[in-house]
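The model is a predicted one.

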Amino acid sequence: MTATLPAGPIVRALRAAHLHDAPRDGLLRLACEAIRALGPPYTSVYAYMLHGDELVLEAFSGRDTEHRRIPVGSGVCGTAVATGEDQNVADVGAAGNYLACNLETRSELVVLIRRGATILGQLDIDSDVPAGFGAEHHRAVKAVADALAVLL
Ligand code: SME
C-alpha cells in the first residue's frame, strides 16, 4: 500500500512564504518543488495558470517540457479546464487526448486551482509509475491547490 503523504507541511510552508511576501512565481515554484520532493509517484510537477483561453506554464519541478502553452480543450490539461473536472489518467498511453512530453510518463494527475467558481490554473503531475495516483494523492494535491487559490 502506498503511504498517505500529508499536504499539511506544504500548505504551512506556502503560508509562511506568503507572509514573507514571496511573489506569485515563488509560491508556485515552492508548491511544485515540495510536491515533487515527496518522491514517487510524483515525478514532475507543473503549474499551468490560465491566461484567457490558454494555460501558461509559470513554474515546474522535474523534467522540462516543450508544452509551455496549452489551449483550453487541448490535452489532459486543457480538458480539465474545459470540463471543470480534475483529471486522473491511470494510463496516458490509452488516453486519446494526452499530449506527450517524454516517453517515461505512465500516468498523470491534473488538479484545478479554483477560487470559488473561477479557475485560476492547475497543478499537473506526471508519474513514471503506472496508475500512480489514488484518492489519497488527489486529496493531498487538492489541499495544496486550495491553499494556492487563497494565496495567489
Ligand atoms: N500531458 C499534458 C501536457 C503537459 S506535460 O505533461 C507537462 C497534457 O496532456 O495536457
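Asp-124 places a polar side-chain atom 3.5 Å from an oxygen atom of the ligand. Glu-108 also contributes through its side chain: a polar atom there lies 3.1 Å from a ligand nitrogen. Cys-77 uses its backbone instead. A polar backbone atom of Cys-77 is 2.9 Å from an oxygen atom of the ligand.

How much of the ligand does the protein bury? Taken alone, the ligand exposes 310 Å², and the protein buries 100% of that. The space the ligand takes is the largest cavity.

## The surrounding shell

Which of the elements gives the most? It is α3, with 3 residues.

In total, 13 residues surround the ligand. The closest are Val-76, Cys-77, Leu-99, Cys-101 and Glu-108. By residue class, the shell holds 8 nonpolar, 2 polar and 3 charged residues.

## Ser-107

Ser-107 belongs to strand β5, which covers residues 107–115. Is Ser-107 buried or exposed? Its relative accessibility is 0%, so Ser-107 counts as buried. The cut-off for buried is under 20% relative accessible area.

One of its polar atoms lies 3.0 Å from the backbone nitrogen of Gly-132.

Definitions and conventions. Residues numbered from 1 in each chain as written. Predicted model: local features only at pLDDT ≥ 70, side-chain atom pairs only at ≥ 80, totals over all residues. Heavy atoms only, no water. Near = heavy atom within 4 Å. Polar contact = N/O pair within 3.5 Å; in protein donor to acceptor, adjacent residues only side chain to side chain. Areas by Shrake-Rupley, 256 points an atom, 1.4 Å probe, with all protein chains shown as cover. 1 Å grid on protein atoms, 1.4 Å probe; cavity = no way out; pocket = protein on both sides within 12 Å on 5 of 7 lines; lining within 4 Å. Sits in = over half its atoms within 2 Å of the grid points. Helix = DSSP H or I, 4+ residues; strand = E, 2+ residues; numbered from the N terminus. Nonpolar A, V, L, I, M, F, W, Y, C, P; charged D, E, K, R; others polar. Buried < 20%, exposed > 50% of the residue type's maximum accessible area, 1.4 Å probe, protein only.
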